[in-house]
Amino acid sequence: MSDLEVIRADPYNAETPERALSHATTPEPNAYVRTNFGVPSLRAEHVIEIGGAVNNPFTLAVSELAAMPQRTIVATMECAGNDRLGMHPLPTGEPWQHGALSTIEWSGVSLADVLARAGVHDNAVEILVTAADSGQRDDAVGEVRFARGLPVADAMRRETLLATMMNGAPLSPHHGAPVRLAVPGWYGMASVKWVTRIDAITQPFTGYFQRQRYVYELPSGVVPVDRMRVKSIVTSPSDGARVGRNITVRGWAWSGNGPITRVELAVDGGDSWQSTTLGKAVSAYAWTPWHVQIELPRKGRFVLRSRATDATGASQPDTVEWNRLGYGNNAVRHIAIDADML
Ligand SMILES: Nc1nc2c(c(=O)[nH]1)N[C@H]1C(S)=C(S)[C@@H](COP(=O)(O)O)O[C@H]1N2
Ligand SMILES: [Mo]
C-alpha cells in the first residue's frame, strides 16, 4: 500500500510524508511520485532502441539487461520543484511542500555499458533518453513526449544507471517499470522513467522538457536545471514539536556537487550559527546525517534552522533567486518548536 501525500490524483503526483524522511532510505510505498502525464502501460517484454550517432544501433530487451554486469547505488533524489511552496510570490507548478525527496537503492546496469556496445560517435554531445509517456500541454503544440538530453560525460559516469530495481524489488509502475534512468546527483527530471529509446545526438536537445520546463527562467536568461543544489533538512524534532530542555537535533544534508563538509544550526533568528556533527554519508551519492545536542535556555518558542555547505564551498542561501517555474529552492528552512517541558 502506498503511503504518500497526494497533491494531484490525475496525473498522479504525491509526496513523501515528513516522517518517512527520517529513514536513511525511503521505502517504496513512501517514495514520492512525480508524473507529468501519468503512468504509461508497457509490455513486460519491453524493448529499448539504441541509435542516433552510434556505430552499432541495436535493440535491447529489458530481459537482456539482467545478463549484463549489475550495479547497485543508493542515491538521494530531489525534484527540482521541491519546496516550491516556500517561494514568494508562489510560482506556477505542482504545489510541492518538502517531500518531493527520497533516497533510493537503484539496481541495474551502467548506462555506459550499453553505450559502449553502441559505440557513441566522438561528435555526440548528449544522450537523448525518450520515454513512453506523452500528452498535451497548454503551452505547446501537438503531442509532447517526456524526453531529456544528458551531457555525454554525465551519461558515461559509472553511477548513471539504467535501473530495473528499486530497493531490491522490480520497479513499480509509478517509478518507471520496467526500466528507467537513475542519474545520481541530478535533480529528478534527469532520471527518465519508462525508457523507450536512447539516442546519441550531435546537437543539444531542445524538446519541451529541456527548454520550456526544468529551466531556471532568470532575468539574466534561461539556464537548464542540472545538479541538486546543496540543502539540508531537520528530521527531529518535528515542526511544532513540544520538547524539553535538552534535545538532540538531527537531519540530513546533500548536494549534487560534492560531499557535505559542514552543517550548522541556528536556534533562533539572527546570525548565531553553531556547528553540528556529521555522520557518514549513506553513500557517495546520498545524503549525510548530522546531529547536535542543544540545551534550550528558557521556556518558549525556538526556531531551528540548518545550513549545509558542500565541498565546492557552496552554502544554502537565506533566500533563493525567484524563478517563474519555482525550481531549485534550497534556501535555509526553519521549523518552530515549543520548549514547555523543562
Ligand atoms: N517518463 C518520465 N520520466 C520522469 C518524469 C515524467 O513525468 N515522465 N518525471 C521526472 C521528474 S520531474 C522527477 S522529480 C522524477 C521522479 O521520479 P519518481 O516518481 O520515481 O520519484 O522522475 C522524472 N522522470
Ligand atoms: Mo521533478
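Trp194 sits in the loop between β12 and β13 (195-201), where strands (E, at least two residues) are DSSP runs numbered from the N terminus. This is a predicted model, in which local features need pLDDT of at least 70, side-chain atom pairs count only at pLDDT 80 or more, and totals for chains, interfaces and linings use all residues. Residues are numbered from 1 along each chain as its sequence is written, chains are lettered from A and ligands numbered from 1 in the order in which they are written, and side-chain values use heavy atoms, with hydrogens and water left out.

Most residues other than glycine have a negative phi, and most peptide bonds are trans.

Asn167 is found in the loop between β10 (161-166) and β11. With a relative accessible area of 29%, Asn167 counts as partly exposed.

Then there are the cis peptide bonds. One joins Ala177 and Pro178, with omega at about 5 degrees; Pro178 belongs to the loop between β11 (169-170) and β12 (180-182). Another cis bond runs from Ser236 to Pro237, and omega there is near 0 degrees. Pro237 is placed in the loop that lies between β16 (231-236) and β17 (242-244).

How values were computed: Helices (H or I, at least four residues) and strands (E, at least two) are DSSP runs, numbered from the N terminus. Buried means under 20% relative accessible area, exposed over 50%, partly exposed in between (1.4 Å probe, protein chains only).
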